[in-house]
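Here's a quick briefing to read alongside the coordinates. Have the viewer open and follow along.

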Amino acid sequence: MSQSLMKAGSLEVDRKVEAALDFGRAWDYAPAPEATDHVKIEPRYGLFIGGRWVSPRSGKYFPTISPSTEQVLAEVAEANAQDVDDAVKAAREAYEKYWSKLRPADRAKYIFRIARAIQEKSRELAIVESMDGGKPIKESRDVDIPLAAAHFFYHAGWADKLDYAFQGRKVRPLGVAGQIIPWNFPLLMAAWKIAPALACGNTVVLKPAETTPLTALMLAKIIEEAELPPGVVNIVTGAGETGAAVANHPDVNKVAFTGSTEVGKRIQRALAGTTKRLTLELGGKAANIVFADAPLDQAVEGIVNGIYFNQGHVCCAGSRLLVEESVHDIVVRKLRDRMQTLRLGDPLDKNTDVGAINSKMQLEKIRELVAAGEAEGAERFSAPVKIPEKGFWFPPTFFTGASQSCRIAREEIFGPVLTVMTFRTPEEAIEKANNTMYGLSAGIWTDKGAKIFHLATKLKAGVIWGNTYNKFDPSSPFGGYKESGFGREGGRQGLAAYLEVE
Amino acid sequence: MAEKKVRTETATADALPRSAETALLKPWDTQKPRVSVAKAYKMFVNGAFVRSESGRYFQVKGQKEKDDAVVVDVDPDPETVNIPRGSRKDVRDAVLAAKNALGGWQKRTAFNRSQILYRLAEVMESRKAELVQSLVRSGVPDVAAVREVEASIDRAVFYAGFADKYFSLLASQNPVAGPHFTFSIPEPMGVIGVVAPERPSLLGLVSTVLPVVTGGNTCVALASTTDPRTAILWSECIATSDMPGGVVNVLTGFPKELCPPLAKHREVIGIDAWLVDADLRKAIETDGADNVKRVKTHVPMDIEAWLDERKGQGLGWIERFLETKTVWHPVGV
C-alpha cells in the first residue's frame with residue numbers, strides 16, 4: 001500500500017505539469033452519499049432451503065464485511081455438505097412435485113413476479129450491493145440492478161415459448177441445476193443463472209460468493225414473497241467448500257459456474273465421468289484495439305469504461321489496450337488527462353467513479369501483479385487519487401512499455417490495471433489480440449465499418465464491442481471462446497444451457 | 001526391429017511338428033487367373049496418405065469368400081493386411097495439419113463448402129461397391145453393408161445441403177434495450193478430435209466427421225480399430241472430392257494410445273468421442289479440462305439409431321461444435 005501511495009503522491013505533483021486541462025479544485029465535489037436508513041439488513045442470515053430459512057447444520061456463521069469500511073454488515077450461514085444435500089433434495093422434490101407439473105405460462109408469471117419485485121426494491125438492492133461489494137452506487141443503481149430485473153423479465157417470457165426456440169427439435173428441462181457465482185456482480189450473476197434455469201423448467205441450488213452474499217439472500221426473500229413453490233430456488237451460502245459440494249453432488253443434473261479459469265478447470269475435471277451438464281463462464285484478458293482512425297476522445301471514454309468499470313472486477317474487462325503505434329502517445333496522453341478526473345472513494349457516494357476493491361485477498365492479488373509489472377520493466381501510471389484510510393483500494397492504473405510476455409499482459413488481474421501495447425497493421429492487432437488462452441471479449445475502435453467487420457470475424461472472442469465497450473443485455477448471448485469457458489448466457493442461444501435439446 | 005520380433009514369435013507359435021504325413025508345401029491354388037496388386041493401407045493426414053511415423057503396424061484379418069462361394073472374389077488384398085498403428089507424434093502431426101487447414105476452410109463460402117460435401121457424396125456413390133465390399137470383408141453381412149453405405153452417402157448429401165443453412169437457423173439479431181445494433185452468429189470452434197465408434201465403422205465415422213466440418217471446423221478422426229480399412233477407403237473418397245488437404249485427417253491405431261494425446265493437445269478445442277470404455281471416456285473428459293475443451297463423450301448407439309434420420313443426424317450435431325459470437329455496435333449519427 002505504501003508503495004502505491006507514494007507513487008500516487010508523486011504523480012499528484014506531475015499532474016499540474018502534465019494535465020492538458022487543469023481544473024484546479026473544480027473537480028472537488030461535495031459528498032453526495034446515498035441514504036442507508038431505509039435499508040433492511042438482518043444481523044444474521046440462515047440458508048434458504050425448501051422455502052424456509054434454516055440454520056446451517058454446521059452451526060457456523062461467517063461475517064460479510066463492507067470492503068470500503070471493513071465493517072461487518074451481517075453474519076451469514078456457512079453451508080456444509082449436509083446442508084447442500086438438503087438443498088439438492090429440496091430442489092429435486094420441488095422439481096418433481098411442483099415445478100415440472102406447473103403450466104409453463106404459470107411458471108412464467110412467477111418469474112415475472114421476481115422481475116417486478118426487483119424493480120420495486122431496486123433502490124435498497126443497489127445500496128446493499130454497493131455496501132457489500134464496494135462498487136459505486138451509480139453502477140449498482142444504473143447497471144447491476146436494472147439488468148438483473150431485465151434478465152428475469154426477459155426469461156419469464158420464454159417459459160411458455162421454448163418449443164419456438166429450437167424449431168423442429170424437442171426440448172425438456174434438465175432437472176436440478178447447481179449454480180456457483182462470483183462476487184463482481186452478485187445480484188446480476190444470480191439473475192443470469194436463476195432466470196434461464198427457472199424459465200426452462202429446472203429448479204435451482206445457488207451458491208453466492210462468500211464476500212457478497214447479501215443481495216442473493218435478499219433475492220431469496222423476494223422469491224419467498226413471490227410465493228414460488230418451496231424448493232424451486234434454494235440459496236446456500238459459504239466459500240469454496242460449499243461450492244464444491246454443490247458441483248459434486250450426485251443428484252445435480254447441471255452445473256453452471258462463473259468464476260476463475262483455474263476453478264472452472266477443477267470443476268470440469270471433477271465432473272468427468274458423470275452425465276452432468278456443464279457451462280463455464282471463466283476469466284478473460286480482453287484486447288481493446290484502438291486504430292489511428294478512431295474517434296480518439298470517444299475511444300478514451302471506452303478505454304476507461306472498459307477497464308475501470310467496477311474497479312476492473314469484470315471478466316470481460318478491456319485489460320489489454322492495443323493502440324496503433326502512430327497514435328500511442330496521443331492516446332496515452334488523453335488517457336492520463338481523463339484519469340485526472342476519476343473520483344475514487346465511498347461507493348455510496350453518487351459522484352464516485354471507482355469504488356473499493358472487493359476483498360483484501362483480491363487487493364493483494366492486484367498488488368502482486370502490479371509489482372510484477374514494475375519488476376518486469378513496464379512503466380506505471382496511477383491516477384492521482386486519495387486513498388481512504390479504511391477499506392481496500394487501488395488507484396486506477398495503467399502500464400506502458402510492457403511486452404506481450406509480461407505477466408501483466410498475460411494474466412487476468414481482475415482489478416483497475418490496464419496494460420498498453422502497440423501494433424502497426426490490422427494483422428498484427430489480430431495476432432496480438434488472439435495471443436492469449438482467453439477469449440471472452442474484445443473491443444475495436446475505428447471509423448471504418450469494413451475494418452470492424454473484418455476484425456470482428458478474426459478475433460477469437462465471444463463478445464465483440466465495436467466503438468463501444470462493456471454493454472450487456474438479456475437478449476444478447478454472452479460467453480467465451482477457448483479457456484474463457486463454454487456455453488452462453490442470454491438470448492435464445494442461452495436457453496440451450498438449461499435444456500436437453502433433441 | 002519390432003516388426004521382425006513379432007514375426008519370429010508368430011512363427012514359433014504356429015510351428016508344427018514335422019512328420020512323415022505332412023506335405024512339405026502348404027496347399028496352393030494354382031487356378032488363380034491373375035496375381036492381384038495388394039494395397040498398402042495408409043493413414044490420411046494433410047491430404048496425403050502416410051504411414052505411421054513410428055513405423056509400427058497392426059493387422060486386421062479379412063473375411064475372404066467362403067470355399068463354396070460362387071461369386072468371384074474381387075478383393076485384391078490378401079487375407080491379412082497391415083494397418084499403420086498411429087502414435088502420439090502422428091496425432092500431433094495431424095492436429096498441426098488440421099490447424100493449418102482451418103483458415104482456408106473457414107474462408108470458403110458456405111456454398112462452396114456445400115458443393116465440396118456434395119462432391120464427396122458423388123464420389124462415395126461411385127465407389128459404393130468398393131465400400132460395401134470393404135464392410136463385408138470386415139464381417140458385416142451383405143444386406144447390412146449395403147444399407148450402411150447407402151445411409152452414409154445420404155448423410156453426406158444431408159450435410160452438404162446444411163452447410164449454407166445452419167447459419168441462418170442459429171444466428172440472431174438481438175433486440176437490446178439501447179441504441180445498439182447487436183447480432184450473434186455461429187462460428188466454427190477450430191480443430192475437433194473425433195473418436196469414431198467401432199461399429200458401424202463407416203456410417204459412424206461419416207456421421208461424426210461430416211457435421212464437424214460442415215460447421216467450418218477441421219478435424220482429426222480416429223477410425224474404428226475393428227475395421228480401419230473402410231475408414232481408409234472413405235479417406236480416398238475425401239481425397240478425390242475437392243476437400244482441401246488437412247480438413248479431414250484420419251488416423252488408425254488404438255484408442256487407448258491415441259485418445260490421451262488428442263485430449264491433452266492444446267490446439268484441439270473440442271472432442272467428440274464414441275467409446276464403450278467408460279474409463280477412457282472419463283480420462284478424455286479429465287484431460288480435456290486442461291484447456292477447457294468442449295468434450296462430448298457418448299456411449300455408442302446401436303446400428304438402428306445410426307441409420308435413423310432423426311437420431312443419427314441433425315442440426316444439433318453441427319451446433320455442438322460451433323461458438324456463438326456476439327457483436328455490438330452503436331447506432332446513431
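Which residues of helix α2 (residues 81–99) of chain A are buried? In this predicted model, they are A:Asp83, A:Val84, A:Asp86, A:Ala87, A:Val88, A:Ala90, A:Ala91, A:Ala94, A:Tyr95 and A:Trp99. The cover over these buried residues of α2(A) includes β2 (47–49), β7, β8, β9 (233–235) and α9 (240–248) of chain A. Two of those names, β7 and β8, come back below.

**Buried strands in chain A**

- Strand β8 (residues 203–207) of chain A has five of its five residues buried, so the rest of the structure largely encloses it.
- The pairing of β8(A) with strand β7 (residues 176–180) of chain A is parallel and runs over five bridges.
- Within that pair, look for A:Ile180, which is opposite A:Lys207 of β8(A).
- Strand β13 (residues 320–324) of chain A is mostly covered too, with five of its five residues buried.
- Both faces of β13(A) are covered: one side carries A:Arg320, A:Leu322 and A:Glu324, the other carries A:Leu321 and A:Val323, and all of these are buried.
- Strand β12 (residues 287–290) of chain A runs parallel to β13(A), and four bridges join them.
- A handy landmark here is A:Asn288, standing opposite A:Leu321 in β13(A).

**A three-stranded sheet in chain A**

- Chain A also has an open sheet of three strands, ordered β1-β5-β4, with mixed pairing.
- Its edges are β1 (44–45) and β4 (61–65) of chain A, each pairing on one side only.
- β4(A) is antiparallel to strand β5 (residues 72–77) of chain A, with five bridges between them.

**Helix packing in chain A**

- Helix α3 (residues 104–120) and helix α5 (residues 137–156) of chain A cross at roughly 165°, and their axes come within 8 Å.
- α3(A) and α5(A) are therefore roughly antiparallel to each other, and their crossing is left-handed.
- From α3(A), the contact uses A:Ala108, A:Ile111, A:Phe112, A:Ile114, A:Ala115, A:Ile118 and A:Gln119; these meet A:Ile145, A:Ala148, A:Ala149, A:Phe152, A:Phe153, A:His155 and A:Ala156 from α5(A).
- Sorted by class, that α3(A)–α5(A) contact comes to twelve nonpolar residues, two polar and no charged ones.

**Helix packing in chain B**

- In chain B, helix α3 (residues 110–126) and helix α5 (residues 142–162) pack at about 165°, with axes 8 Å apart.
- α3(B) and α5(B) are therefore roughly antiparallel to each other, and they cross in the left-handed sense.
- On the α3(B) side, the contact is made by B:Ser114, B:Leu117, B:Tyr118, B:Leu120, B:Ala121, B:Met124 and B:Glu125, while α5(B) brings B:Ser152, B:Ile153, B:Ala156, B:Val157, B:Tyr159, B:Ala160 and B:Gly161.
- The class tally for α3(B) with α5(B) is ten nonpolar, three polar and one charged.

**Chain B as a whole**

- Chain B has twelve helices and twelve strands.
- Along the principal axes, the C-alpha atoms of chain B fill a box of roughly 100 × 40 × 30 Å.
- Of the 333 residues in chain B, 46% are buried.
- Among chain B contacts with a separation of 6 or more, 78% link residues 24 or more positions apart.

**Where the chains meet**

- The contact between the chains takes 36 residues from chain A and 25 residues from chain B.
- On the chain A side, α10 (261–270), α16 (449–458), β18 (463–466), β19 (485–486) and α17 (491–495) each supply at least two residues.
- By class, the chain A side that touches chain B splits into 14 nonpolar, 13 polar and nine charged residues.
- Strand pairing crosses between the chains as well: β18(A) and strand β12 (residues 322–330) of chain B run parallel, joined by three bridges.
- In that pairing A:Trp465 is opposite B:Trp328 of β12(B).

Conventions:
Residues numbered from 1 in each chain as written. Chains lettered and ligands numbered in written order. Predicted model: local features only at pLDDT ≥ 70, side-chain atom pairs only at ≥ 80, totals over all residues. Axes fitted to C-alpha atoms, helices over the stretch in contact; angles between N-to-C directions. Parallel < 35°, antiparallel > 145°, perpendicular 65-115°, else oblique. Left-handed = near helix turned anticlockwise from the far one by under 90°. Contact = placed C-beta atoms within 7 Å. Nonpolar A, V, L, I, M, F, W, Y, C, P; charged D, E, K, R; others polar. Pairing = 2+ DSSP bridges. Buried ≥ 20, exposed ≤ 12 C-beta atoms within 10 Å, placed from the backbone.
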